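Open the model in your viewer and colour it by secondary structure.

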Amino acid sequence: MELQSELGAMLSTPGDDAQCPESSPEPCQLPQDTGGSEEGGDVPSASPALQEEVPHPSTTEDPAEHQESRSRGAQEELPTPREGDASPQAAAEPPSARSPSREPEPDFYCVKWITWKGERTPIITQSENGPCPLLAIMNILFLQWKVKLPPQKEVVTSDELMAHLGDCILSIKPQEKSEGLQLNFQQNVNDTMMVLPKLSTGLDVNVRFTGVSDFEYTPECIVFDLLNVPLYHGWLVPFQSPEVVRAVGKLSYNQLVEKIITCKHSGDPNLVTEGLIAEQFLESTASQLTYHGLCELTAAVKEEELSVFFRNNHFSTMIKHKGHLYLLVTDQGFLQEERVVWESLHNVDGDSCFCDTQFHLSHALGKEAAAPEQSQLDQDYMMALSLQQQQGQDPSVLSDLELARQLQQEEYQQH
């Protein structure tokens, strides 16, 4: 798309890399199975065309190629494409399809068992590039006990997850009795089943900057509606900046990108200025979360509500507990860490605290690479939050603690 390519030369906004990164993945022991199918964490927020440009590597080999690969296996650690092989799929073939590896195949995901509200409950973890929408939705269904796994299940495939999700959707009954509404409900179910395969590769999600639940409607959104799973984001325009509010308006991300391109090529100085203001807004909010958005998000999410949070092309399972927002930790690196289940969402810069299933802070783990000053701020916040939880306070709006945390962050950044 010309707009997307031109924007890349002008803007450095998040969303270019639609991967869903997770830090320090920890491999789990898996049975050696057939060549894994490709998993995708690409979730473009600005251009659906990105999904079509990603080649799908082949995981099958002809006998001659397989025999040649085996003969080279003792000499090379990683295979390289044969000379003269013009097939882009063969060139993009993952190493795991040619050489044995202890890493799990792409379509296998480790199951982490936790004690959730007194019941042993599974959650699905991911390594580097997990299918974020599928895992976020499935983990909500697991935490709601709408889908269950065998007690000894340690590994699950994407096909199994898709089958469980399909069964859950087909089991939904329409609440309205009228014939017209039932036909409409059945059509929504059919449309959802057609969209399901995209959950393992990526969804076309386009945010609007006017509200935490405002998205441009796409066919993929029907999945969340049918499952009654709220979808939120926190990328809002600061209301205290009227010039930014005028420049952004009620546009979606894609529409704002087009406006910036148009304004910068305009001969009208006012339009050029408006385009620069909009461009600066995107650059200054590269984290795709503003403090205004965080406040609105805290107020909009219901207490103990499980939802999906979209940020930086990543879908996370989110819950609000005693007025605070938490994201489910699905990093496979914490597979064996029973005390690490939730991660606090109280800051736009990514600093967070880990909690267990009871939302008690896990003091033993933190950001080891953080600066000493930042670590001290985190420790102060954790101590204050612990006291607040012990006193049973319910900060339904942005509390004094959050405001103090924000001021501390601003002061630290100035230094």
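Select strand S4, residues 231–232, together with strand S5. The two run parallel and are joined by 2 bridges. Click leucine 231: its bridge partner in S5 is valine 308. Keep in mind that this is a predicted model.

Show the side chains. In a regular strand they alternate between the two faces of the sheet. Here Leu306, Val308 and Phe310 point one way from S5. Ser307, Phe309 and Arg311 point the other way, and these too are buried.

S5 and S6 pair in the antiparallel sense, over 6 bridges. Find serine 307, which stands opposite methionine 318 in S6. Then go to the hairpin of S5 and S6, with 2 residues between the strands. Asparagine 312 takes a positive phi there, near 55°.

Last stop: select helix H10, residues 253–264, and helix H11, residues 269–284. They pack at an angle of about 140°, with their axes 8 Å apart. H10 and H11 are therefore oblique to each other. H10 passes H11 in a left-handed crossing. Show the contact residues. From H10, pick Tyr253, Leu256, Lys259, Ile260, Cys263 and Lys264. They meet residues of H11 including Leu271, Val272, Gly275, Ala278, Phe281 and Leu282. By class, the contact of H10 with H11 has 10 nonpolar, 1 polar and 4 charged residues.

Terms used:
Residues are numbered from 1 along each chain as its sequence is written. This is a predicted model: local features need pLDDT of at least 70, side-chain atom pairs count only at pLDDT 80 or more; totals for chains, interfaces and linings use all residues. Side-chain values use heavy atoms; hydrogens and water are left out. Axes are lines fitted to C-alpha atoms, for helices over the stretch in contact, and angles run from 0 to 180 degrees between N-to-C directions. Helices (H or I, at least four residues) and strands (E, at least two) are DSSP runs, numbered from the N terminus. Angles under 35 degrees count as roughly parallel, over 145 as roughly antiparallel, 65 to 115 as roughly perpendicular and the rest as oblique. A crossing is left-handed if the near helix is turned anticlockwise from the far one by less than a right angle, and right-handed if clockwise. Contact means heavy atoms within 4.5 Å. Ala, Val, Leu, Ile, Met, Phe, Trp, Tyr, Cys and Pro count as nonpolar, Asp, Glu, Lys and Arg as charged, and the others, Gly among them, as polar. Buried means under 20% relative accessible area, exposed over 50%, partly exposed in between (1.4 Å probe, protein chains only). Two strands pair if DSSP finds at least two bridges between them.
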